[in-house]
Amino acid sequence: MRQSAPVSVLHSDGGLRLWIVPRYADVRAALSDHRFAQDVRRAQALADSRVEGVNLGAEITHMLSSDPPDHTRLRRVVQAAFSRKRVQEMRPMVERITLELLDELDPAAARHTTRTTTATATATATATATVDLIRDFAFPLPILVVCELLGLPPQDRNLYREWSTAIVTQEGDHTAFQQAVHDMGSYVLAIADQRIRRNDRPADLLTDLLAARERGELTDDEIVGMVALLLIGGHETTVNLLGTSCLALLRNPDQTAWLRADPTRMPMAVEEFLRYDSPICMATTRFTTQPVDIGGVEIPQDEFVLLSLGAANRDPARFQDPDRLILNRQDTGHLAFGGGIHRCLGALLGKLETEIALTALLARFPGITLACQEHDLRWRNTMMLRGLETLPLTLNR
């Protein structure tokens, strides 16, 4: 599509016409263009006037599904929690969670807490473990971070994952989506009511959201939507990025060697991982509020538009040799976190988590190999996300 035209037209399974924008310059411009709206309630009404049975997620109200002034109000409530200073203050917490998870994966971790003979220690040091990196590391790390940030029970993390999967992986039957939205909403409001009854106000983001409700700045539906967005957006990007980054390193041993030679290069590497396999490969659905010309193609008013972040980040007109992983790439400027007023609020936290996790993983396990054939790997069945369902690895110390 990127090679053939600046804009292509596809139709969803339900028959809804979608205009796809795949080129870097056009995507970057569109991300900041006020003529592309994202108000999901207006979008749902527009879709309902065209076809039947299309669900755009209007049941959830959050920043990504709102336009100013609502978007401005909602973002203002939480943006301070994701400032550069606040994110850096989370580093010790992320490092602690990372090391705890690696200890659970590490067959030699017992040597830190138990005394062993020299022979036993030597045998243990060469032990190996086969794990599913997604299930055992990439998923729990960011979800545990989000739980601490929001003040939600970490023991319910598998429940959060089930809701997230149902919401982001919509197929023909929307029953699972609607049930997940209902269950998540009931769960969040029950925790909020319990805190109010007990006058329990820990220093976390949920307390901030409840305070905003008391000031009349948020409704119950908006609190649920904010928690849903932070739970889903706060872990989906990092889960996918950790999985695809590890796979990319396995495919490119020369780049792995370059990174191992100097672990302080990891922040630069993370930027390339984001470009190379964008964890959010399609921006959230927009619609035009007036006709828009893109590369000589006019998209009429009231048309649905998808901006392909993944295609833009592999555009040869912007990046040299774009299909190669080049960890010390100089032509930076990926769009993996979007742009404009809707640029991912948690971008700094996602990069911090990935930097810490990959650095610790590579340091703990000098030898990592794929524990299956690459063609047997399963990718998530969703248009928006680029991520692996599982990643079986053999970890060698």
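## About the model

The model is predicted: local features need pLDDT of at least 70 and side-chain atom pairs count only at pLDDT 80 or more, while totals for chains, interfaces and linings use all residues. Residues are numbered from 1 along each chain as its sequence is written, and side-chain values use heavy atoms, with hydrogens and water left out.

Helices (H or I, at least four residues) and strands (E, at least two) are DSSP runs, numbered from the N terminus.

## The five-stranded sheet

Let's start with an open sheet whose five strands follow the order S1-S2-S8-S5-S3, with mixed pairing. Two strands pair if DSSP finds at least two bridges between them. At the edges stand S1 (8-11) and S3 (36-37); each has a single partner strand, so one side of each is left without a neighbour in the sheet. Helix H1 (residues 24-31) packs on this sheet and touches S2, S3, S5 (286-288) and S8 (304-307), its direction making about 120° with that of S8. Such angles run from 0 to 180 degrees between N-to-C directions, and axes are lines fitted to C-alpha atoms, for helices over the stretch in contact. Touching, or contact, means heavy atoms within 4.5 Å.

Now look at the pairings. S1 and S2 (residues 17-21) run antiparallel and are joined by four bridges; Leu10 has Leu18 in S2 as its bridge partner. S2 also pairs with S8, here in the parallel sense over four bridges, and Leu18 stands opposite Phe304. S5 and S8 pair in the antiparallel sense over two bridges, with Phe287 opposite Phe304. Strand S8 is covered on both faces: Phe304 and Leu306 on one side, and Val305 and Leu307 on the other, are all buried. Buried means under 20% relative accessible area, exposed means over 50%, and partly exposed lies in between (1.4 Å probe, protein chains only).

## The three-stranded sheet

Another open sheet has three strands in the order S4-S10-S9, with antiparallel pairing. Its edge strands are S4 (128-132) and S9 (367-370), each with a single partner strand, so one side of each lacks a neighbour in the sheet. From one strand to the next, the twist averages 25°.

S9 is joined to S10 (residues 392-396) by four bridges, and the two run antiparallel. Within S10, Thr394 is the bridge partner of Thr369.

## Two crossing helices

The axes of H12 (residues 220-251) and H16 (residues 347-364) come within 10 Å and cross at roughly 40°. Among the H12 residues in the contact are Gly234, Leu241 and Cys246, while the H16 residues include Gly350, Glu353 and Leu361. The contact's residues divide into eight nonpolar, five polar and one charged. Here Ala, Val, Leu, Ile, Met, Phe, Trp, Tyr, Cys and Pro count as nonpolar, Asp, Glu, Lys and Arg as charged, and the others, Gly among them, as polar.

## An enclosed helix

Helix H8 (residues 140-150) has 10 of its 11 residues buried, so it is largely enclosed by the rest of the structure. Those buried residues include Pro140, Ile143, Cys147 and Leu150. Just after H8, Gly151 takes a positive phi of about 85°.

## A buried serine in a loop

Ser65 lies in the loop between H2 (40-48) and H3 (70-78). Its relative accessible area is 6%, so Ser65 is buried. Leaving aside neighbours within four places in sequence, Ser65 is in contact with Gln38, Asp39, Val40 and Ile60.
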